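Here is a short report for someone meeting this structure for the first time. Please look over the sequence and the model before reading on.

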Amino acid sequence: MDRRVVCAMAVLGLTMGIPNSMTRAQNLPQGERVFQACAACHSLEPDRNMTGPSLAELWSRKAGTLPSFHRYSPALKSSGVVWNDQTLDEWIKDPQHLVPGNTMTFQGLENNQQRGDLLAFLKRATQPGHKPPQTAQQQGGGMMGMMGGAGSVPSLRKLDPEDRVQAIQYCGDTYKVTTANGKTRDFWERNLRFKTDSSDDGPEKNAPALVDAGMMGDRADVIFADPQEIASMITHQC
């Protein structure tokens, strides 16, 4: 057999299982930029779960099995999918096609080059022992950080007086939130949300944080360390 034919067949055999998006030259910095959209829901740090599970050590992990994450959909847990180059490429391209009925809100990334760049970045960034880069969300910076948007997770352990809640009064349809600097802000009850964060980035016990959640200053989140604190913090008083 012609040697050139043998070489061609060997190359074909090596690339048969590789997604088209990963056979092109990859751009890791561009992949990191594409990941910024994912960072709103996914961390690269082990067991640091957000809206979605941590992506640390993702390759070769069976879908829906990270022990520290408790919000997998039944569809994903029963899918039998194992994450590798091929399945992740299909998942990022169209999550509902790979696992119908899953609850991931991401609609998919059609662009082959962007998807390949993202996978190349993730494959390196999720390796065991690899120190993940800080994202804008992890730094608490950028527009998402200032707005308290989805995925924004600045540390709430050390709060300035204007961010540390001391009292919450409820009257009619209004919450009056008093912070440690002595100031009180009024919120329409539908514009104030109560949340919890029990992670290492969450607030200290009995020291809930007030985090702005809108550009107009009329919406905010009060974040507690434990759900039991919520009822004890709110008093009905006009």
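## The chain as a whole

This is a predicted model. The protein chain holds nine helices and seven strands. It has 238 residues, and 37% of them are buried. Take the contacts between residues at least 6 apart in sequence: 50% of these join residues at least 24 apart.

## Salt bridges

Side chains of opposite charge can pair when their charged atoms come close. How many salt bridges does the count come to here? The count is nine.

| Pair | N to O distance |
|---|---|
| Asp85 and Lys123 | 3.1 Å |
| Arg115 and Asp89 | 2.8 Å |
| Asp221 and Arg193 | 3.0 Å |

Start with the salt bridge between Asp85 and Lys123. Asp85 belongs to helix H4 (residues 85-93) and Lys123 to helix H6 (residues 112-125), so this pair ties together parts that are 38 residues apart in sequence. Is Asp85 buried or exposed? Asp85 is buried, because its relative accessible area is 19% and the limit for buried is under 20%. Lys123 has a relative accessible area of 35% and is partly exposed.

Next comes the salt bridge between Arg115 and Asp89. This pair also links distant parts of the chain: Arg115 sits in helix H6 and Asp89 in helix H4, 26 residues apart. Arg115 counts as buried, at 2% relative accessibility. Asp89 counts as buried too, at 6%.

The salt bridge between Asp221 and Arg193 involves strands. Asp221 lies in strand E6 (residues 220-224) and Arg193 in strand E4 (residues 192-196), and the two are 28 residues apart. Asp221 is buried, with a relative accessible area of 2%. Arg193 is partly exposed, at 43%.

There is also a network of salt bridges. It links Glu45, Arg48 and Asp201.

## Helix H6

How does the span of H6 compare with what its 14 residues should give? At 1.5 Å a residue, H6 should span 20 Å, and its end C-alpha atoms are 20 Å apart, so the two agree.

Asn111 caps the N-terminal end of H6. A side-chain oxygen of Asn111 lies 3.0 Å from the backbone nitrogen of Gln113.

The buried residues of H6 are Arg115, Gly116, Asp117, Leu118, Leu119, Ala120, Phe121, Leu122 and Ala125. What do they pack against? They pack against helix H2 (28-38) and H4.

## Helix H4

Asn84 caps its N-terminal end, with a side-chain oxygen 3.0 Å from the backbone nitrogen of Gln86.

Asp85, Thr87, Leu88, Asp89, Trp91 and Ile92 are the buried residues of H4. Their cover includes helix H3 (74-77), H5 and H6.

## A pocket

The second largest pocket has a volume of about 760 Å³. It is lined by 32 residues. Which of these lie nearest its centre? They are His42, Gly52, Pro53, Trp91 and Met104. H2, H4 and H6 are the elements that give two or more residues to this lining.

## Two loop residues

Asn102 is found in the loop between helix H5 (95-98) and H6. It counts as buried, at 7% relative accessibility. A polar atom of the Asn102 side chain lies 2.8 Å from the backbone nitrogen of Met104. Leaving aside neighbours within four places in sequence, Asn102 is in contact with Ser73, Ala75, Trp91, Pro95 and Gln96.

Ser79 is found in the loop between H3 and H4. Its relative accessible area is 27%, and Ser79 is partly exposed. A polar atom of the Ser79 side chain lies 3.2 Å from the backbone nitrogen of Val81. Not counting residues up to four places away in sequence, Ser79 touches Ala63 and Val99.

Notes
Residues numbered from 1 in each chain as written. Predicted model: local features only at pLDDT ≥ 70, side-chain atom pairs only at ≥ 80, totals over all residues. Heavy atoms only, no water. Salt bridge = Lys/Arg side-chain N within 4 Å of Asp/Glu carboxyl O. Helix = DSSP H or I, 4+ residues; strand = E, 2+ residues; numbered from the N terminus. Buried < 20%, exposed > 50% of the residue type's maximum accessible area, 1.4 Å probe, protein only. Expected span 1.5 Å × (residues − 1). Contact = heavy atoms within 4.5 Å. Polar contact = N/O pair within 3.5 Å; in protein donor to acceptor, adjacent residues only side chain to side chain. 1 Å grid on protein atoms, 1.4 Å probe; cavity = no way out; pocket = protein on both sides within 12 Å on 5 of 7 lines; lining within 4 Å. Points joined across faces, edges and corners; volume = space filled by probe spheres on them.
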